[in-house]
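I opened the model and went through some helices and strands. My notes follow.

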Amino acid sequence: MLKREECILSVLAAEKVRRLSLGVPVLDDVFPGFELGDFAVLYGHAVSFIVFDLCVRCQLPPNKGGLGSSVVFVDGGNSFDPYLVSEIARGYGLDSRSVLEKIYVSRAFTAYQLSSLILEKLEPFLKRRRSKLLVVSDVTSLFFDRDVPKTEAEDLFMKICSKLSDIAAKKKSIVVASYFPERRYKRGVFFEAVLYGRSNVLVRFKKRGKILSFILEDHPLVKPFSMDLPTTDYAPLTDFMEV
């Protein structure tokens with residue numbers, strides 16, 4: 001269970017840094033959120049919803065936990081849901097159309113397309129749009145395609161993880177990748193090791209009955225901890241979020 005005193009010094013030291021919070025008051029007290037330069041991997045239950053929520057929260061002003069910025073969303077799992085994003089935006093009292101216009105979505109349908117987007121086109125686009133949040137959804141899924149040879153898939157995946165880490169290291173954006181573990185495949189074990197090795201923030205969301213748990217597994221400043229957030233479904237998590 002969480003020991004608040006173990007995290008409080010890290011939170012206080014980071015108060016002056018612009019961060020993207022999760023907007024859950026009890027959680028924000030001990031987890032300061034994501035800062036420019038983070039390469040965060042989110043995995044587990046409700047991750048798709050949480051990623052969409054971050055896309056909306058990023059557009060909030062800094063005094064409300066956002067970055068006042070547009071978002072670049074690289075869709076590796078054909079998962080972007082404009083209807084859910086609109087619903088989340090309305091929950092924050094924002095105009096849904098305006099929010100969607102500030103999320104630049106690029107879809108990839110093959111591992112080669114995703115690699116080309118990230119390795120060749122992504123960084124110039126981020127610079128042009130001055131977006132402070134980059135999301136890569138379902139980052140591993142396209143690399144399980146049997147039409148992509150194993151060694152080639154592994155080589156490409158290492159390159160895109162290295163590129164995402166390099167983009168984060170320049171500290172002009174937050175990089176968030178959503179990941180859905182596929183450990184039943186040998187490729188999945190390799191991809192997971194590479195992804196975890198390149199990221200500096202690792203968060204797991206676990207659902208047990210009506211309880212959704214936030215589990216911080218790795219962070220450069222905050223010690224690992226877990227916190228339970230009661231919810232009857234994924235969407236009602238907004239009930240715990242603060243605007």
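I took helices (H or I, at least four residues) and strands (E, at least two) as DSSP runs, numbered from the N terminus. This is a predicted model: local features need pLDDT of at least 70, side-chain atom pairs count only at pLDDT 80 or more, and totals for chains, interfaces and linings use all residues. Residues are numbered from 1 along each chain as its sequence is written, and side-chain values use heavy atoms, with hydrogens and water left out.

**Ser96**

I found Ser96 in helix α5 (residues 96–101). Is Ser96 buried or exposed? Ser96 counts as buried, because its relative accessibility is 18%. My cut-offs were under 20% relative accessible area for buried, over 50% for exposed, and partly exposed in between (1.4 Å probe, protein chains only). I then listed contacts (heavy atoms within 4.5 Å). Beyond its neighbours within four places in sequence, Ser96 touches Ser86, Ala89 and Arg90.

**Helix α8**

I checked the length of α8 (residues 186–198). The expected span is 1.5 Å times one less than the number of residues. Arg187, Gly188, Phe191, Glu192, Val194 and Leu195 are its buried residues. Their cover includes β3 (39–44), α7 (150–169) and β7 (174–179).

I counted strands as paired if DSSP finds at least two bridges between them. β8 (residues 201–208) and β9 (residues 211–218) are antiparallel, with seven bridges. Arg208 faces Ile211 in β9. Two residues separate β8 and β9 in their hairpin, and Gly209 in the turn has a positive phi of about 65°. β9 also pairs with β10 (residues 225–230), antiparallel over six bridges. Six residues link β9 to β10 in a hairpin. There, Leu216 stands opposite Phe225 in β10.
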